[in-house]
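Please read the following walk through a two-chain model with the coordinates open beside it. The text moves from single residues to the contact between the chains and then to the charged pairs.

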Amino acid sequence: MTTQFPWLTTLILFPLLASLAIPFLPDKYGKTVRSYALGVGLTEFTLIIYTFWKHYTLGDSGFQLVENYAWIPQIGLNWSLAVDGLSMPLVILTGLVTTLAIFASWKITYRPRLFYFLMLTMYSAQIGVFVAQDLLLFFLMWELELVPVYLLIATWGGQRRQYAATKFILYTAIASVFILVAALAMAFYGDTVTFNMQELGMKDYSLSFELLMYAAFLIAFGVKLPIFPLHTWLPDAHSEAPAPVSMILAGVLLKMAGYALIRINIEMLSNAHVYFAPVLAVLGAVSVVYASLTAFAQTNLKRRLAYSSIAHMGFVLIGISAFTELGLSGAVLQMVSHGLIAATLFFLAGVAYDRTHTLMMDEMGGMAKQMPTVFALFTAGSMASLALPGMSGFVSEISVFLGFATSDAYSTPFKVAIVSLAAIGVILSSIYLLSMLRTVFYGEENAELVSHVTLTDAQPREAFIALCLLIPIIGIGVYPKLATQTYDAKTVEVAAQVRQVLPVLAEQPLDQFKRSVIASPAIGDSKNLISAAN
Amino acid sequence: MIELLSQTSWWVPAYGLVGAVITLPWSIGLVRRTGSRPAAYLNILMTVLALIHSSLLLWAVWDAPPERLLIPWLHAPGLDIWLTLLTSRISVGGTVIITALSLLAQVFALGYMEKDWALARFFGLMGIFEAAMSGIVLSDSLFMSYALLEVLTLSTYLLVGFWYAQPLVVTAARDAFLTKRVGDLLLLMGVVTLSSIAGSLDFTHLALWAQTAQLSPLVANLLGLALLAGPVGKCAQFPLNLWLDEAMEGPNPASILRNSVVVGCGAYVLIALQPVLALSPLALTTLTVLGALTAIGASLVAIAQIDIKRALSHSTSAYLGLVFLAVGMQQDEVALLLLFVHGLAKALLFMSTGSIILTTSTQDLTEMGGLASRMPATTTAYIVGALASIGLLPLGNFMAMVEWAEAAWVVAPWLMGVLVAVNGLTAFNLVRVFGLVFWGKPQAKTRRAPEVGWLMAVPMITLMIFNLLAPFILEKFQMLPNWNDPNRGLVLVLICSSLVGCGLGAWLYLSPEKPKLVGAIATPLREVLADDFKMNRLYQFSVVFAVLLGSRLAAWFDRYIVDGLVNFVGVASIFSGETLKYTISGQSRHYLLTLFIGILLSITVLSWTLWEWSPTLHSLALRAQP
């Protein structure tokens with residue numbers, strides 16, 4: 001494998017290197033740069049597809065396209081990359097959303113060079129996060145992606161951009177400290193020092209150490225995912241960021257946290273996961289209901305969508321806490337599906353903003369008359385978001401529901417409570433999304449709005465971008481195997497791994513942690529589980 | 001040939017979907033030159049194909065045993081979801097009815113929507129409507145039925161919201177979606193529960209499973225109620241009924257389908273679920289109570305309406321209540337029969353209504369009158385539809401009601417009261433509408449009222465003939481098992497109730513000098529009825545209020561507590577930094593002193609905490625050793 005062409009390295013480095021040329025491009029009116037950036041994005045996306053098409057075997061649960069080079073041997077940092085079923089769909093999602101985001105920023109006129117430079121850097125860093133197999137490298141990539149986001153929000157954002165950007169960077173930087181400290185602690189645990197994720201996963205940690213590490217990672221990724229109550233950076237950042245950046249923020253960056261939760265917390269710390277899973281389920285359900293309720297109270301279009309993102313990411317948490325293949329598969333699918341849906345909705349919100357120059361929904365109204373295409377696309381996006389059958393959101397959310405309901409790790413009342421809370425969240429999602437459509441599009445035109453702006457319908461470019469996102473949404477919804485086959489083998493393996501430790505650990509008398517960590521309901525039937533396992 | 005036909009049964013729903021897709025170039029404005037007519041023609045062509053295919057299929061499966069067609073859908077490990085199609089006499093018969101009515105409604109729409117600029121979009125939506133409905137009747141999988149019910153919810157939302165710039169449409173579309181969605185999601189909870197306890201979601205399997213299932217009463221009751229909720233929403237039963245009359249803001253051709261077959265789809269799923277519902281006595285009781293309440297309540301509400309479409313749509317709820325009662329009595333055949341004949345009659349009534357609305361440009365009953373001589377075809381259609389709706393002449397509903405009554409007489413005689421009330425009140429209501437619309441003196445809007453064009457008249461007359469032929473169809477397809485020896489007493493009661501209803505209606509609304517009985521009824525009562533028992537208000541003060549309050553609270557909490565804490569930390573650090581800068585004196589001995597005190601304090605704190613915590617840490621470490 002090592003003699004092979006280093007595809008993944010190419011994928012990471014290509015946008016980064018290409019972005020270095022941007023300052024030297026001859027460009028007077030900011031038009032060459034955007035074509036150049038779009039070209040790079042498209043090439044990268046084509047490369048991603050080509051790489052996976054040619055060199056990736058579906059149905060193989062192991063790592064593929066493995067590359068391993070010593071980078072800085074003194075500190076044990078290796079440039080080690082690989083993809084498996086978990087990262088591959090997310091890399092494709094990254095390619096699609098980022099490329100479309102570059103296309104969506106066609107109208108950026110303020111300092112376009114810097115803008116596209118940052119976008120391309122971010123492109124690299126995102127892919128790096130998903131393919132890094134070295135914890136330190138993962139951390140570096142994670143950090144590398146923060147800086148462009150900060151600058152993009154702080155420079156091209158809305159009125160409160162400074163506040164939002166600072167909040168974003170503070171939150172995520174503090175969270176990153178937890179990643180770094182935990183990574184170091186894990187690396188130096190035991191006899192060998194290593195940052196390699198697989199080797200770290202093999203290490204035999206003591207349970208209390210594992211629990212501590214798990215908690216640290218959970219805080220770090222909980223900020224990013226986000227989980228209530230660590231979420232308040234998100235509505236500010238998403239609503240202040242320019243539309244293309246919001247697309248990437250909601251479409252890809254949140255998924256990094258979900259990915260990392262599965263990759264690090266579950267795969268490497270599966271013993272601790274058994275104890276934390278009920279907490280995750282509760283946090284997930286609380287996030288779903290809380291964020292849905294809060295979303296309904298928002299009058300700012302993008303803030304409403306931002307809270308809806310929080311709610312939808314709650315399903316990821318519920319899914320990964322289910323201890324079933326189906327739940328985990330639903331969680332991964334929810335990440336992919338929400339990536340597409342959130343990108344669509346944020347993009348369309350940007351389209352509306354371009355016309356109206358406001359994001360306050362009560363200042364819009366009756367826009368369907370002048371903008372029927374945008375209205376249709378918005379409706380389609382909302383329907384996908386509220387989990388209508390035939391759209392990808394439905395498949396992922398029902399997988400999470402079914403996966404959690406069929407889980408044998410929880411007592412029935414607990415399952416009923418979580419599933420009902422999540423269902424309330426789904427009902428609320430249709431309430432706030434329909435009310436959004438109603439206030440923005442239905443009814444009489446807002447006389448004041450049309451008096452000072454012209455509402456032109458979607459340009460072909462805009463319709464194209466939205467359709468590029470909607471077609472996969474419907475495709476996955478109608479025939480879910482399109483997406484599930486890319487990661488099935490992997491999620492089965494991960495679920496098997498956590499299920500293996502489930503009965504063993506449930507028996508261990510860890511009263512202290514049981515009392516403090518697992519509040520009450522979970523792992524109730526440990527005796528039955530043990531007997532079932534025997 | 002037969003094999004081929006039943007293997008291709010999934011084509012029947014596919015036609016509608018294809019129709020919907022091929023209208024896209026017109027509905028999104030890619031093709032402008034031709035106008036949107038070709039899209040409509042293509043859609044109608046697809047429906048014709050679906051009708052032909054399903055008729056052939058019906059002929060093929062008539063004597064054949066039911067056959068299942070499995071399509072793998074979600075192949076997740078631990079759970080396989082199949083989309084199962086069942087081709088049996090009943091299911092294929094259902095598709096024939098649906099495609100036929102859809103065809104008639106679409107031809108009708110060609111005339112009705114002639115001048116609408118978004119004709120293509122309308123036909124596309126009708127295609128989805130038709131596809132979802134044929135899918136539901138063919139489906140043998142609860143999962144697939146659930147998904148298709150949701151698609152129906154969506155297409156209802158889009159069809160009701162078709163004229164999205166109208167003020168009333170705004171709330172109507174939303175209410176239609178939300179009430180149905182609540183029902184659907186409760187149904188989904190039932191589906192999720194069933195999938196974890198029953199193993200498979202195929203109706204055939206579920207029926208077998210239910211015979212031997214041992215569930216605790218709590219689980220069985222919750223499950224039953226959840227499964228019930230979906231059909232309650234879809235069939236516009238109390239308390240999820242408020243959408244149907246608001247949905248009348250949508251275009252009329254869609255209302256034809258909505259009041260006949262779409263509501264029927266919910267009942268169809270209910271019938272398929274009946275074995276599982278039977279596990280829970282509470283669910284069956286709820287079913288009966290809701291059905292009875294809706295049947296009588298909606299009949300009363302219908303009488304108080306002055307919107308012609310609403311007056312008829314409430315009676316749809318009432319008839320579906322009767323269907324619910326039939327399911328509650330475990331009389332599936334009667335329920336199906338009633339669905340069929342009611343669908344035929346109601347579709348005809350709505351076609352007639354559509355003609356009236358198009359010609360007079362109003363839906364207000366008080367603005368009409370004297371149309372009988374001006375629109376003969378429409379009038380005849382209305383009369384036939386009305387007669388077919390009530391138990392008077394041996395037309396469709398008469399037969400079904402007799403069957404219903406015989407079943408009820410055995411199980412629970414008090415249900416006869418419900419039937420008599422619904423029949424009498426409906427008869428009264430239909431005569432009332434007839435009197436206001438067709439009888440009396442013409443008013444401003446009905447003075448110049450020519451009969452509608454042939455595009456609308458032909459489907460109307462066709463359906464009228466079908467209604468007249470309904471008894472023969474039923475006879476031919478042997479759908480009347482007990483017809484040879486009807487219980488004469490029950491038949492007599494039924495006819496009497498119709499006669500009383502008609503007579504009262506005629507006395508009040510057909511005589512030239514109307515007795516002012518309307519004024520005699522207390523205003524509050526009339527208002528309560530006209531306002532659908534203030535159902536809207538009830539929701540306003542319960543669900544809507546709770547959601548609003550909850551969201552305000554959550555938003556407040558988010559803004560001032562969660563985010564407030566964050567901002568407080570930020571402000572506090574800035575403030576402390578700003579304050580501390582005034583302590584800078586520039587004298588190095590002060591710095592030294594500060595440093596010294598700081599180090600001393602930290603050492604004290606650290607050593608003290610370590611001292612306090614070390615036993616805990618120690619024991620932790622010990623414990624952690626394997």
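Leaving aside neighbours within four places in sequence, Gln334(A) is in contact (heavy atoms within 4.5 Å) with His312(A), Phe315(A), Val316(A), Gly339(A), Gly393(A), Ser396(A) and Glu397(A). Gln334(A) belongs to helix 13 of chain A, residues 325-356; helices (H or I, at least four residues) and strands (E, at least two) are DSSP runs, numbered from the N terminus. With a relative accessible area of 1%, Gln334(A) is buried. Here buried means under 20% relative accessible area, exposed means over 50%, and partly exposed lies in between, with a 1.4 Å probe and protein chains only. One of the contacts of Gln334(A) is polar: its side chain meets the side chain of Ser396(A) at 2.6 Å. A polar contact is a pair of N or O atoms within 3.5 Å; within protein, one must be able to donate a hydrogen and the other to accept it, and residues adjacent in sequence count only if both atoms are side-chain atoms.

The model is predicted, so local features need pLDDT of at least 70 and side-chain atom pairs count only at pLDDT 80 or more, while totals for chains, interfaces and linings use all residues. Residues are numbered from 1 along each chain as its sequence is written, chains are lettered from A and ligands numbered from 1 in the order in which they are written, and side-chain values use heavy atoms, with hydrogens and water left out.

In chain B, Ile271(B) sits in helix 12, residues 252-277, and is buried at 9% relative accessibility. Apart from neighbours within four places in sequence, Ile271(B) touches Val327(B), Asp332(B), Ala335(B), Leu336(B) and Leu339(B). Leu565(B) lies 294 residues away from Ile271(B) along the chain, and the two C-alpha atoms are separated by 55 Å.

Helix 5 of chain B covers residues 89-112, 24 residues in total. From first C-alpha to last it reaches 34 Å, close to the 34 Å expected at 1.5 Å a residue; the expected span is 1.5 Å times one less than the number of residues. Because 19 of its 24 residues are buried, helix 5 of chain B is largely enclosed by the rest of the structure.

What does each chain bring to the contact between them? Chain A supplies 61 residues and chain B 48 residues. About 4700 Å² is buried between chain A and chain B, and carbon and sulfur atoms give 75% of that area. Buried area is the accessible area (1.4 Å probe) that two parts lose on being put together, summed over both. In chain A, Leu402(A), Leu434(A) and Tyr442(A) lose the most area to chain B, together 12% of what that side buries.

Between chain A and chain B there are 10 residue pairs in polar contact, with both residues at pLDDT 80 or more. Helix 16 of chain A, residues 412-440, gives the most to the side of chain A that touches chain B, with 10 residues. That side of chain A divides into 40 nonpolar, 14 polar and seven charged residues. In this division Ala, Val, Leu, Ile, Met, Phe, Trp, Tyr, Cys and Pro count as nonpolar, Asp, Glu, Lys and Arg as charged, and the others, Gly among them, as polar.

Across the interface of chain A and chain B the rule finds one salt bridge, a side-chain nitrogen of Lys or Arg within 4 Å of a carboxyl oxygen of Asp or Glu. Asp563(B) forms a salt bridge with Lys167(A), with the closest N and O atoms 2.4 Å apart.

Over all chains, the whole structure has 23 salt bridges. Asp84(A) and Arg263(A) form one of them, at 2.8 Å from N to O. Asp84(A) lies in the loop between strand 2 (77-83) and helix 3 (88-104) of chain A and Arg263(A) in helix 10 (residues 243-266) of chain A, so the pair ties together parts that are 179 residues apart in sequence. Asp84(A) is buried at 0% relative accessibility, and Arg263(A) is buried at 2%.

In chain B, Asp184(B) and Lys234(B) meet in a salt bridge at 3.8 Å, N to O. Asp184(B) is in helix 8 (residues 167-198) of chain B and Lys234(B) in helix 10 (residues 217-234) of chain B, so this pair joins parts 50 residues apart in sequence. Asp184(B) is buried at 0% relative accessible area, and Lys234(B) is buried at 1%.
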